[in-house]
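Student: I would like to go through a model feature by feature. Please give the rule for each term before the case.

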Amino acid sequence: MERIGHWIDGQHRQGTSGRSQPVWNPTTGEAQAAVDLASATEVDAAVASAMAAFPEWSAKSLAARTQVMFRFRELLDGNRKALAELVSREHGKTAADADGEIARGLDNVDFACGLAQLLKGSYSDSVSSGIDVYSLRQPLGVVAGITPFNFPAMVPLWMIPTAIACGNAFILKPSERDPSASLMLADLLRQAGVPGGVVNVVQGDREAVERLLAHPDVQAVSFVGSTDIARHIYATGTSHGKRVQALGGAKNHMVVLPDADLELAADAAVSAGYGSAGERCMAISVVVAVGAVGDPLVEAIAQRLPNIQVGTGTGGASEMGPLITAQHRDRVAGYLAQAPEDGGDVVVDGREVPAASGPGFYLGASLIDHVQPGSRAHQDEIFGPVLSVVRVETYEQAMAVVGNSPYGNGAAIFTRDGGVARRFMREVQAGMVGVNVPIPVPVAQQSFGGWKGSLFGDLHMYGPEGMQFYTRGKVVTSRWPEIDGTPAGVQLGFPQNNDG
(Lines give C-alpha, C1' and ligand atoms only; values in the text may rest on other atoms or scores of the structure.)
Protein backbone atom coordinates (compact mmCIF):
# COMPACT_ATOMS: atom_id res chain seq x y z
CA MET A 1 0.00 0.00 0.00
CA GLU A 2 1.21 3.49 -0.87
CA ARG A 3 2.63 5.45 2.03
CA ILE A 4 2.08 9.21 2.11
CA GLY A 5 4.59 11.25 4.08
CA HIS A 6 5.58 14.86 4.67
CA TRP A 7 7.33 17.62 2.71
CA ILE A 8 10.09 19.21 4.74
CA ASP A 9 13.00 21.35 3.57
CA GLY A 10 12.07 20.97 -0.09
CA GLN A 11 11.75 17.19 -0.27
CA HIS A 12 9.57 14.23 0.64
CA ARG A 13 10.11 12.81 4.10
CA GLN A 14 8.67 9.59 5.45
CA GLY A 15 7.17 9.87 8.89
CA THR A 16 9.07 8.70 11.95
CA SER A 17 6.30 8.78 14.56
CA GLY A 18 5.20 5.20 13.89
CA ARG A 19 1.58 6.39 13.58
CA SER A 20 -0.52 6.35 10.42
CA GLN A 21 -4.11 5.98 9.26
CA PRO A 22 -5.82 4.76 6.08
CA VAL A 23 -6.66 7.02 3.15
CA TRP A 24 -9.88 5.68 1.67
CA ASN A 25 -11.04 5.57 -1.91
CA PRO A 26 -14.61 6.87 -1.51
CA THR A 27 -15.74 5.42 -4.84
CA THR A 28 -14.81 1.83 -3.93
CA GLY A 29 -14.90 1.90 -0.15
CA GLU A 30 -11.37 0.49 0.02
CA ALA A 31 -8.21 1.78 1.67
CA GLN A 32 -5.83 2.96 -1.05
CA ALA A 33 -2.93 4.38 1.00
CA ALA A 34 -1.66 5.05 4.50
CA VAL A 35 -0.78 8.58 5.58
CA ASP A 36 1.89 9.21 8.20
CA LEU A 37 0.77 11.22 11.22
CA ALA A 38 3.38 13.66 12.45
CA SER A 39 4.66 13.79 16.00
CA ALA A 40 5.44 17.05 17.76
CA THR A 41 9.11 16.40 16.97
CA GLU A 42 8.36 16.24 13.24
CA VAL A 43 6.37 19.47 13.45
CA ASP A 44 9.34 21.07 15.17
CA ALA A 45 11.58 19.95 12.29
CA ALA A 46 9.26 21.63 9.78
CA VAL A 47 9.21 24.84 11.83
CA ALA A 48 12.99 24.79 12.10
CA SER A 49 13.26 24.40 8.32
CA ALA A 50 10.90 27.34 7.81
CA MET A 51 12.76 29.47 10.33
CA ALA A 52 16.04 28.83 8.54
CA ALA A 53 14.56 29.69 5.14
CA PHE A 54 12.64 32.81 6.17
CA PRO A 55 15.45 35.43 6.39
CA GLU A 56 16.75 34.89 2.86
CA TRP A 57 13.27 34.50 1.33
CA SER A 58 11.87 37.63 3.00
CA ALA A 59 14.94 39.60 1.93
CA LYS A 60 14.28 38.87 -1.75
CA SER A 61 12.70 41.66 -3.70
CA LEU A 62 8.95 41.60 -4.16
CA ALA A 63 9.59 41.36 -7.89
CA ALA A 64 11.63 38.17 -7.39
CA ARG A 65 8.93 36.59 -5.23
CA THR A 66 6.12 37.44 -7.64
CA GLN A 67 8.14 36.07 -10.56
CA VAL A 68 8.17 32.75 -8.70
CA MET A 69 4.38 33.04 -8.38
CA PHE A 70 4.05 33.57 -12.13
CA ARG A 71 6.06 30.40 -12.78
CA PHE A 72 3.99 28.50 -10.22
CA ARG A 73 0.83 29.68 -11.89
CA GLU A 74 1.93 28.24 -15.23
CA LEU A 75 3.00 24.95 -13.67
CA LEU A 76 -0.26 24.64 -11.77
CA ASP A 77 -2.33 25.33 -14.86
CA GLY A 78 -0.27 22.86 -16.90
CA ASN A 79 -0.76 20.13 -14.30
CA ARG A 80 -4.38 20.83 -13.37
CA LYS A 81 -5.70 17.62 -14.95
CA ALA A 82 -3.29 15.45 -12.95
CA LEU A 83 -4.06 17.39 -9.77
CA ALA A 84 -7.81 17.10 -10.39
CA GLU A 85 -7.49 13.34 -10.83
CA LEU A 86 -5.60 13.13 -7.54
CA VAL A 87 -8.33 15.13 -5.78
CA SER A 88 -11.04 12.91 -7.28
CA ARG A 89 -9.29 9.72 -6.24
CA GLU A 90 -8.94 10.69 -2.59
CA HIS A 91 -11.96 12.96 -2.08
CA GLY A 92 -14.46 11.36 -4.46
CA LYS A 93 -15.70 14.53 -6.17
CA THR A 94 -16.23 14.36 -9.93
CA ALA A 95 -13.44 15.28 -12.31
CA ALA A 96 -15.31 18.40 -13.44
CA ASP A 97 -15.84 19.50 -9.85
CA ALA A 98 -12.19 18.90 -9.00
CA ASP A 99 -11.11 20.90 -12.04
CA GLY A 100 -13.37 23.75 -10.95
CA GLU A 101 -11.74 23.70 -7.52
CA ILE A 102 -8.32 24.15 -9.08
CA ALA A 103 -9.60 26.94 -11.34
CA ARG A 104 -10.77 28.90 -8.30
CA GLY A 105 -7.42 28.23 -6.65
CA LEU A 106 -5.67 29.65 -9.72
CA ASP A 107 -7.59 32.88 -9.21
CA ASN A 108 -5.80 33.29 -5.88
CA VAL A 109 -2.42 32.63 -7.47
CA ASP A 110 -3.25 35.36 -9.99
CA PHE A 111 -3.98 37.69 -7.09
CA ALA A 112 -0.64 36.85 -5.46
CA CYS A 113 1.14 37.67 -8.72
CA GLY A 114 -0.20 41.23 -8.42
CA LEU A 115 0.48 41.84 -4.72
CA ALA A 116 2.86 44.69 -5.51
CA GLN A 117 -0.14 47.00 -5.84
CA LEU A 118 -1.28 46.29 -2.26
CA LEU A 119 2.18 46.13 -0.67
CA LYS A 120 3.38 49.46 -2.01
CA GLY A 121 2.52 51.40 1.16
CA SER A 122 1.88 55.15 1.36
CA TYR A 123 3.91 58.36 1.69
CA SER A 124 3.06 61.70 3.32
CA ASP A 125 5.47 64.41 2.27
CA SER A 126 6.40 67.31 4.56
CA VAL A 127 3.91 66.69 7.35
CA SER A 128 6.02 69.23 9.25
CA SER A 129 9.24 71.06 8.52
CA GLY A 130 11.66 68.53 7.06
CA ILE A 131 9.56 65.59 8.27
CA ASP A 132 8.06 62.91 6.05
CA VAL A 133 5.95 59.91 7.10
CA TYR A 134 5.60 56.68 5.17
CA SER A 135 4.15 53.23 5.77
CA LEU A 136 5.10 49.73 4.71
CA ARG A 137 3.98 46.19 5.38
CA GLN A 138 6.39 43.43 6.37
CA PRO A 139 6.02 39.64 6.64
CA LEU A 140 5.32 37.97 9.97
CA GLY A 141 7.81 35.10 9.74
CA VAL A 142 6.67 31.47 9.96
CA VAL A 143 2.92 31.04 9.45
CA ALA A 144 0.76 27.92 9.31
CA GLY A 145 -2.41 26.77 7.59
CA ILE A 146 -4.75 23.97 8.66
CA THR A 147 -7.05 23.00 5.81
CA PRO A 148 -10.18 20.80 5.41
CA PHE A 149 -10.88 17.68 3.37
CA ASN A 150 -13.56 19.16 1.12
CA PHE A 151 -11.18 21.35 -0.92
CA PRO A 152 -7.73 19.75 -0.64
CA ALA A 153 -6.26 21.93 -3.42
CA MET A 154 -8.28 25.15 -3.39
CA VAL A 155 -8.11 26.06 0.30
CA PRO A 156 -4.31 25.67 0.51
CA LEU A 157 -4.21 27.94 -2.55
CA TRP A 158 -6.25 30.49 -0.60
CA MET A 159 -3.34 30.69 1.84
CA ILE A 160 0.06 29.69 0.46
CA PRO A 161 0.50 32.02 -2.57
CA THR A 162 -0.41 35.19 -0.66
CA ALA A 163 1.55 34.19 2.43
CA ILE A 164 4.82 33.44 0.64
CA ALA A 165 4.48 36.28 -1.89
CA CYS A 166 4.34 38.57 1.15
CA GLY A 167 7.66 37.05 2.26
CA ASN A 168 6.60 34.53 4.91
CA ALA A 169 7.57 30.87 5.25
CA PHE A 170 4.56 28.55 5.35
CA ILE A 171 3.69 25.24 7.04
CA LEU A 172 0.62 23.40 5.78
CA LYS A 173 -1.25 20.80 7.81
CA PRO A 174 -3.75 19.36 5.31
CA SER A 175 -6.60 17.02 6.07
CA GLU A 176 -5.37 13.50 6.70
CA ARG A 177 -8.37 12.21 4.72
CA ASP A 178 -7.04 13.40 1.33
CA PRO A 179 -3.42 14.43 1.84
CA SER A 180 -1.77 13.88 -1.56
CA ALA A 181 -2.84 17.12 -3.27
CA SER A 182 -0.81 19.11 -0.73
CA LEU A 183 2.38 17.25 -1.67
CA MET A 184 1.81 17.87 -5.36
CA LEU A 185 1.32 21.58 -4.70
CA ALA A 186 4.54 21.65 -2.67
CA ASP A 187 6.47 19.98 -5.48
CA LEU A 188 5.09 22.40 -8.08
CA LEU A 189 6.18 25.28 -5.86
CA ARG A 190 9.66 23.75 -5.71
CA GLN A 191 9.74 23.50 -9.49
CA ALA A 192 8.70 27.15 -9.70
CA GLY A 193 11.73 28.19 -7.66
CA VAL A 194 10.48 28.32 -4.07
CA PRO A 195 13.54 27.48 -1.93
CA GLY A 196 13.49 24.50 0.40
CA GLY A 197 11.97 25.32 3.76
CA VAL A 198 9.77 28.18 2.52
CA VAL A 199 6.86 25.75 2.14
CA ASN A 200 6.60 22.66 4.32
CA VAL A 201 3.79 20.09 4.62
CA VAL A 202 3.21 18.03 7.75
CA GLN A 203 0.56 15.35 7.60
CA GLY A 204 -1.15 14.67 10.85
CA ASP A 205 -4.01 14.78 13.28
CA ARG A 206 -4.65 16.68 16.51
CA GLU A 207 -1.10 16.17 17.81
CA ALA A 208 0.33 18.11 14.86
CA VAL A 209 -2.33 20.82 15.16
CA GLU A 210 -1.76 21.35 18.87
CA ARG A 211 1.99 21.64 18.37
CA LEU A 212 1.57 24.25 15.64
CA LEU A 213 -0.76 26.24 17.89
CA ALA A 214 1.70 26.16 20.78
CA HIS A 215 5.01 26.50 18.91
CA PRO A 216 6.67 29.81 19.86
CA ASP A 217 8.12 30.36 16.38
CA VAL A 218 4.79 30.11 14.52
CA GLN A 219 3.43 33.65 14.28
CA ALA A 220 0.01 33.10 12.71
CA VAL A 221 -2.43 30.30 11.95
CA SER A 222 -5.18 30.12 9.31
CA PHE A 223 -7.87 27.47 9.65
CA VAL A 224 -10.92 26.31 7.71
CA GLY A 225 -13.20 23.63 9.17
CA SER A 226 -16.02 23.01 11.60
CA THR A 227 -17.16 25.62 14.10
CA ASP A 228 -16.25 23.63 17.20
CA ILE A 229 -12.69 23.14 16.00
CA ALA A 230 -12.45 26.73 14.72
CA ARG A 231 -13.42 28.00 18.17
CA HIS A 232 -10.71 25.83 19.74
CA ILE A 233 -8.11 26.87 17.16
CA TYR A 234 -8.83 30.53 17.79
CA ALA A 235 -8.85 30.27 21.58
CA THR A 236 -5.70 28.16 21.74
CA GLY A 237 -3.73 30.05 19.12
CA THR A 238 -4.49 33.48 20.54
CA SER A 239 -3.69 32.28 24.05
CA HIS A 240 -0.20 31.59 22.74
CA GLY A 241 0.05 35.09 21.30
CA LYS A 242 -0.59 34.16 17.68
CA ARG A 243 -2.58 35.94 15.01
CA VAL A 244 -5.46 33.59 14.09
CA GLN A 245 -8.17 33.52 11.44
CA ALA A 246 -10.45 30.51 11.87
CA LEU A 247 -13.33 29.90 9.48
CA GLY A 248 -16.00 27.66 10.97
CA GLY A 249 -19.14 25.93 9.78
CA ALA A 250 -22.13 27.14 7.82
CA LYS A 251 -25.84 26.75 7.32
CA ASN A 252 -26.53 28.81 4.23
CA HIS A 253 -30.13 29.87 3.56
CA MET A 254 -31.69 30.70 0.21
CA VAL A 255 -34.84 32.82 0.56
CA VAL A 256 -37.24 32.46 -2.38
CA LEU A 257 -39.99 35.08 -2.66
CA PRO A 258 -43.28 34.52 -4.51
CA ASP A 259 -42.22 36.81 -7.37
CA ALA A 260 -39.01 34.87 -8.07
CA ASP A 261 -38.33 33.12 -11.37
CA LEU A 262 -39.36 29.62 -10.30
CA GLU A 263 -37.21 27.74 -12.82
CA LEU A 264 -34.15 29.83 -12.03
CA ALA A 265 -34.65 29.33 -8.30
CA ALA A 266 -35.15 25.55 -8.62
CA ASP A 267 -32.05 25.18 -10.79
CA ALA A 268 -30.03 27.27 -8.35
CA ALA A 269 -31.22 25.30 -5.30
CA VAL A 270 -30.26 21.98 -6.92
CA SER A 271 -26.90 23.24 -8.20
CA ALA A 272 -25.95 24.83 -4.89
CA GLY A 273 -27.39 22.12 -2.67
CA TYR A 274 -25.93 19.02 -4.27
CA GLY A 275 -22.70 20.10 -5.94
CA SER A 276 -19.74 18.16 -4.54
CA ALA A 277 -22.32 16.00 -2.71
CA GLY A 278 -23.11 18.94 -0.45
CA GLU A 279 -19.61 18.93 1.05
CA ARG A 280 -19.15 22.65 0.59
CA CYS A 281 -19.12 25.33 3.28
CA MET A 282 -21.01 27.57 0.86
CA ALA A 283 -23.58 24.95 -0.18
CA ILE A 284 -27.22 26.00 0.07
CA SER A 285 -28.59 23.65 2.70
CA VAL A 286 -31.87 25.42 3.54
CA VAL A 287 -34.42 26.87 1.13
CA VAL A 288 -36.80 29.30 2.85
CA ALA A 289 -39.95 29.30 0.70
CA VAL A 290 -42.13 32.37 1.28
CA GLY A 291 -45.89 32.15 0.84
CA ALA A 292 -47.44 30.50 -2.19
CA VAL A 293 -44.09 29.65 -3.79
CA GLY A 294 -43.67 26.64 -1.47
CA ASP A 295 -45.59 23.89 -3.29
CA PRO A 296 -44.43 24.66 -6.86
CA LEU A 297 -40.84 25.20 -5.74
CA VAL A 298 -40.63 21.89 -3.87
CA GLU A 299 -42.18 20.12 -6.84
CA ALA A 300 -39.73 21.74 -9.26
CA ILE A 301 -36.75 20.75 -7.11
CA ALA A 302 -37.99 17.19 -6.65
CA GLN A 303 -38.48 16.78 -10.41
CA ARG A 304 -34.83 17.61 -11.03
CA LEU A 305 -33.29 15.18 -8.55
CA PRO A 306 -33.80 11.88 -10.44
CA ASN A 307 -31.76 13.36 -13.29
CA ILE A 308 -28.63 13.78 -11.15
CA GLN A 309 -26.14 11.09 -12.13
CA VAL A 310 -24.61 9.64 -8.98
CA GLY A 311 -21.49 7.55 -9.43
CA THR A 312 -17.74 7.32 -9.39
CA GLY A 313 -15.93 10.59 -9.04
CA THR A 314 -13.72 9.79 -12.01
CA GLY A 315 -16.59 8.78 -14.29
CA GLY A 316 -17.20 11.25 -17.11
CA ALA A 317 -21.00 11.02 -16.92
CA SER A 318 -21.25 11.38 -13.14
CA GLU A 319 -22.46 14.65 -11.66
CA MET A 320 -22.25 13.79 -7.97
CA GLY A 321 -19.72 11.52 -6.33
CA PRO A 322 -19.60 9.81 -2.93
CA LEU A 323 -19.06 11.28 0.49
CA ILE A 324 -15.59 11.25 2.02
CA THR A 325 -15.95 8.30 4.45
CA ALA A 326 -18.45 5.65 5.42
CA GLN A 327 -18.87 7.24 8.85
CA HIS A 328 -19.71 10.59 7.32
CA ARG A 329 -22.15 9.01 4.86
CA ASP A 330 -23.94 7.25 7.73
CA ARG A 331 -24.08 10.44 9.80
CA VAL A 332 -25.67 12.37 6.93
CA ALA A 333 -28.15 9.56 6.28
CA GLY A 334 -29.13 9.76 9.94
CA TYR A 335 -30.78 13.14 9.31
CA LEU A 336 -33.12 11.48 6.81
CA ALA A 337 -34.06 8.87 9.40
CA GLN A 338 -34.64 11.55 12.05
CA ALA A 339 -36.63 13.98 9.86
CA PRO A 340 -40.15 12.46 10.23
CA GLU A 341 -39.82 12.42 14.00
CA ASP A 342 -39.00 16.15 13.89
CA GLY A 343 -41.99 16.95 11.68
CA GLY A 344 -40.24 16.91 8.32
CA ASP A 345 -41.42 15.18 5.16
CA VAL A 346 -38.75 13.24 3.23
CA VAL A 347 -39.81 13.98 -0.35
CA VAL A 348 -36.74 12.41 -2.00
CA ASP A 349 -34.68 9.84 -0.07
CA GLY A 350 -31.09 9.48 -1.26
CA ARG A 351 -30.72 6.22 0.63
CA GLU A 352 -32.85 4.64 -2.09
CA VAL A 353 -30.51 5.59 -4.96
CA PRO A 354 -28.95 2.39 -6.42
CA ALA A 355 -25.42 3.71 -5.96
CA ALA A 356 -26.11 4.10 -2.24
CA SER A 357 -26.10 0.32 -1.82
CA GLY A 358 -22.79 -0.14 -3.64
CA PRO A 359 -19.30 -0.50 -2.15
CA GLY A 360 -18.52 3.24 -2.16
CA PHE A 361 -19.65 5.90 0.29
CA TYR A 362 -22.62 7.06 -1.75
CA LEU A 363 -25.79 8.88 -0.82
CA GLY A 364 -28.17 10.26 -3.40
CA ALA A 365 -29.64 13.75 -3.53
CA SER A 366 -32.22 14.08 -0.74
CA LEU A 367 -35.00 16.60 -0.11
CA ILE A 368 -36.84 17.24 3.18
CA ASP A 369 -39.91 19.49 3.12
CA HIS A 370 -41.69 21.17 6.04
CA VAL A 371 -38.50 21.29 8.10
CA GLN A 372 -39.17 23.02 11.40
CA PRO A 373 -36.91 25.89 12.49
CA GLY A 374 -34.83 24.71 15.41
CA SER A 375 -34.92 21.03 14.41
CA ARG A 376 -31.66 19.15 13.86
CA ALA A 377 -32.06 19.21 10.08
CA HIS A 378 -32.35 22.97 10.19
CA GLN A 379 -29.77 23.86 12.84
CA ASP A 380 -26.94 21.39 12.20
CA GLU A 381 -24.37 21.65 9.45
CA ILE A 382 -25.24 18.37 7.70
CA PHE A 383 -22.45 18.70 5.09
CA GLY A 384 -24.01 16.27 2.65
CA PRO A 385 -26.56 16.06 -0.20
CA VAL A 386 -29.58 16.91 1.95
CA LEU A 387 -31.61 20.02 1.11
CA SER A 388 -34.14 21.24 3.69
CA VAL A 389 -37.18 23.40 2.91
CA VAL A 390 -38.58 25.69 5.59
CA ARG A 391 -41.93 27.31 4.80
CA VAL A 392 -42.92 30.77 6.03
CA GLU A 393 -45.61 33.29 5.13
CA THR A 394 -43.73 36.59 5.05
CA TYR A 395 -40.37 38.15 4.29
CA GLU A 396 -40.01 39.11 7.96
CA GLN A 397 -40.51 35.50 9.03
CA ALA A 398 -37.91 34.40 6.50
CA MET A 399 -35.41 36.89 7.92
CA ALA A 400 -36.08 35.56 11.42
CA VAL A 401 -35.33 32.01 10.26
CA VAL A 402 -32.04 33.13 8.73
CA GLY A 403 -31.14 35.37 11.65
CA ASN A 404 -31.71 32.70 14.29
CA SER A 405 -29.13 30.39 12.75
CA PRO A 406 -25.91 30.21 14.77
CA TYR A 407 -23.98 30.49 11.50
CA GLY A 408 -23.52 33.45 9.19
CA ASN A 409 -21.37 32.28 6.31
CA GLY A 410 -23.58 32.95 3.29
CA ALA A 411 -27.17 33.73 2.37
CA ALA A 412 -29.05 34.34 -0.87
CA ILE A 413 -32.36 35.77 -2.02
CA PHE A 414 -34.26 35.08 -5.22
CA THR A 415 -36.67 37.81 -6.27
CA ARG A 416 -37.53 40.20 -9.11
CA ASP A 417 -37.97 43.09 -6.66
CA GLY A 418 -34.82 45.25 -6.53
CA GLY A 419 -35.98 47.12 -3.44
CA VAL A 420 -36.49 43.93 -1.44
CA ALA A 421 -33.17 42.56 -2.68
CA ARG A 422 -31.39 45.70 -1.52
CA ARG A 423 -33.12 45.51 1.86
CA PHE A 424 -32.10 41.85 2.22
CA MET A 425 -28.50 42.64 1.34
CA ARG A 426 -28.34 45.24 4.10
CA GLU A 427 -30.29 43.35 6.79
CA VAL A 428 -29.20 39.74 6.49
CA GLN A 429 -26.75 38.49 9.15
CA ALA A 430 -24.19 36.85 6.87
CA GLY A 431 -20.76 37.73 5.56
CA MET A 432 -21.37 36.75 1.93
CA VAL A 433 -24.66 37.56 0.21
CA GLY A 434 -26.10 36.48 -3.14
CA VAL A 435 -28.89 38.21 -5.05
CA ASN A 436 -30.24 35.67 -7.53
CA VAL A 437 -26.85 33.99 -7.06
CA PRO A 438 -26.95 30.86 -4.87
CA ILE A 439 -23.24 30.49 -4.02
CA PRO A 440 -21.84 33.99 -3.46
CA VAL A 441 -18.17 33.02 -3.10
CA PRO A 442 -16.15 36.22 -3.64
CA VAL A 443 -13.61 36.46 -6.43
CA ALA A 444 -9.94 36.61 -5.47
CA GLN A 445 -9.89 40.41 -5.52
CA GLN A 446 -12.32 40.41 -2.58
CA SER A 447 -12.08 38.32 0.60
CA PHE A 448 -13.90 35.24 1.91
CA GLY A 449 -15.47 34.92 5.34
CA GLY A 450 -18.70 34.86 7.32
CA TRP A 451 -20.21 36.23 10.50
CA LYS A 452 -21.29 34.78 13.83
CA GLY A 453 -20.23 31.14 14.35
CA SER A 454 -18.71 30.99 10.87
CA LEU A 455 -15.68 33.16 11.63
CA PHE A 456 -13.35 33.59 14.59
CA GLY A 457 -10.97 36.49 14.14
CA ASP A 458 -11.15 39.91 12.54
CA LEU A 459 -9.85 39.34 9.03
CA HIS A 460 -11.40 37.31 6.24
CA MET A 461 -9.41 34.94 4.06
CA TYR A 462 -7.52 35.60 0.82
CA GLY A 463 -7.75 38.81 -1.19
CA PRO A 464 -6.84 42.16 0.38
CA GLU A 465 -7.64 40.97 3.92
CA GLY A 466 -5.45 37.92 3.35
CA MET A 467 -2.56 40.24 2.56
CA GLN A 468 -3.26 42.16 5.77
CA PHE A 469 -3.34 38.93 7.77
CA TYR A 470 0.06 37.77 6.52
CA THR A 471 1.80 41.12 7.05
CA ARG A 472 2.06 43.76 9.73
CA GLY A 473 2.22 47.48 9.24
CA LYS A 474 5.08 49.78 10.08
CA VAL A 475 5.00 53.57 9.96
CA VAL A 476 8.27 55.51 9.64
CA THR A 477 8.61 59.16 10.60
CA SER A 478 11.75 60.56 8.97
CA ARG A 479 13.50 63.89 9.39
CA TRP A 480 16.32 65.20 7.23
CA PRO A 481 16.94 68.81 8.33
CA GLU A 482 18.26 71.30 5.83
CA ILE A 483 22.04 71.65 6.08
CA ASP A 484 22.26 75.29 7.07
CA GLY A 485 24.22 75.01 10.28
CA THR A 486 21.25 75.91 12.50
CA PRO A 487 20.98 73.56 15.49
CA ALA A 488 17.62 71.94 16.10
CA GLY A 489 17.61 72.78 19.82
CA VAL A 490 15.98 70.98 22.73
CA GLN A 491 12.18 70.78 22.53
CA LEU A 492 10.35 69.18 25.45
CA GLY A 493 6.83 69.86 24.16
CA PHE A 494 4.63 67.17 22.63
CA PRO A 495 5.48 66.73 18.91
CA GLN A 496 2.97 68.38 16.57
CA ASN A 497 2.66 68.75 12.83
CA ASN A 498 2.08 72.47 13.11
CA ASP A 499 4.92 74.71 12.01
CA GLY A 500 3.20 77.72 13.58
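**Reading the model**

Tutor: Asp-9 is found in the loop between β2 (6-8) and β3 (11-13); helices (H or I, at least four residues) and strands (E, at least two) are DSSP runs, numbered from the N terminus. This is a predicted model, in which local features need pLDDT of at least 70 and side-chain atom pairs count only at pLDDT 80 or more, while totals for chains, interfaces and linings use all residues. Residues are numbered from 1 along each chain as its sequence is written, and side-chain values use heavy atoms, with hydrogens and water left out.

Student: What is the phi of Asp-9 near?

Tutor: Most residues other than glycine have a negative phi. Phi of Asp-9 is positive, near 60 degrees. Ser-126, in strand β6 (residues 122-128), also has a positive phi, near 55 degrees.

Student: Is Asp-132 buried or exposed?

Tutor: Buried means under 20% relative accessible area, exposed over 50%, and partly exposed in between (1.4 Å probe, protein chains only). Asp-132 has 14% relative accessibility, so it counts as buried. Asp-9 at 39% is partly exposed, and so is Ser-126 at 47%.

Student: Which residues is Asp-132 in contact with, leaving aside its neighbours within four places in sequence?

Tutor: Contact means heavy atoms within 4.5 Å. Asp-132 belongs to strand β7 (residues 131-139), and its contacts beyond those neighbours include Tyr-123, Ser-126, Val-476 and Thr-477. Thr-477 is 345 residues away along the chain, yet the two C-alpha atoms are separated by 5.9 Å.

Student: Which strands are joined to β8 by bridges?

Tutor: Two strands pair if DSSP finds at least two bridges between them. Strand β8 (residues 142-146) has 5 bridges to β9 (residues 169-173), and the two run parallel. Gly-145 has Leu-172 of β9 as its bridge partner. From β8 the chain passes through helix α5 (residues 154-165) to β9, in a right-handed β-α-β crossover; right-handed means that, with the strands pointing away from the viewer, the path from the first strand over the helix to the second runs clockwise. Strand β11 (residues 218-224) is also parallel to β8 and joined to it by 5 bridges, with Val-143 opposite Ala-220.

Student: How many residues of β8 are buried?

Tutor: In β8, 5 of 5 residues are buried. Val-142, Ala-144 and Ile-146 lie on one side, with Val-143 and Gly-145 on the other.

Student: How many residues does the largest nonpolar core have?

Tutor: A nonpolar core is a set of buried Ala, Val, Leu, Ile, Met, Phe, Trp, Tyr and Cys residues joined through side-chain atoms within 4.5 Å. The largest one has 67 residues, and Trp-158 and Phe-170 are among those with the most contacts inside it. Helix α5 gives the most to this core, with 9 residues.

Student: What is the volume of the largest pocket, and which element supplies the largest share of its lining?

Tutor: On a 1 Å grid over the protein atoms alone, a pocket is an open set of points with protein on both sides within 12 Å along at least five of seven lines, and lining residues have an atom within 4 Å of a point. Grid points are joined across faces, edges and corners, and a volume is the space filled by probe spheres set on the points. The largest pocket has a volume of about 790 Å³. Its lining has 32 residues, with Arg-177 and Phe-223 among those nearest the centre. The largest share, 5 residues, comes from α8.

Methods. On a 1 Å grid over the protein atoms alone, a cavity is a set of points where a 1.4 Å probe fits but cannot get out, and a pocket is an open set with protein on both sides within 12 Å along at least five of seven lines; lining residues have an atom within 4 Å of a point.
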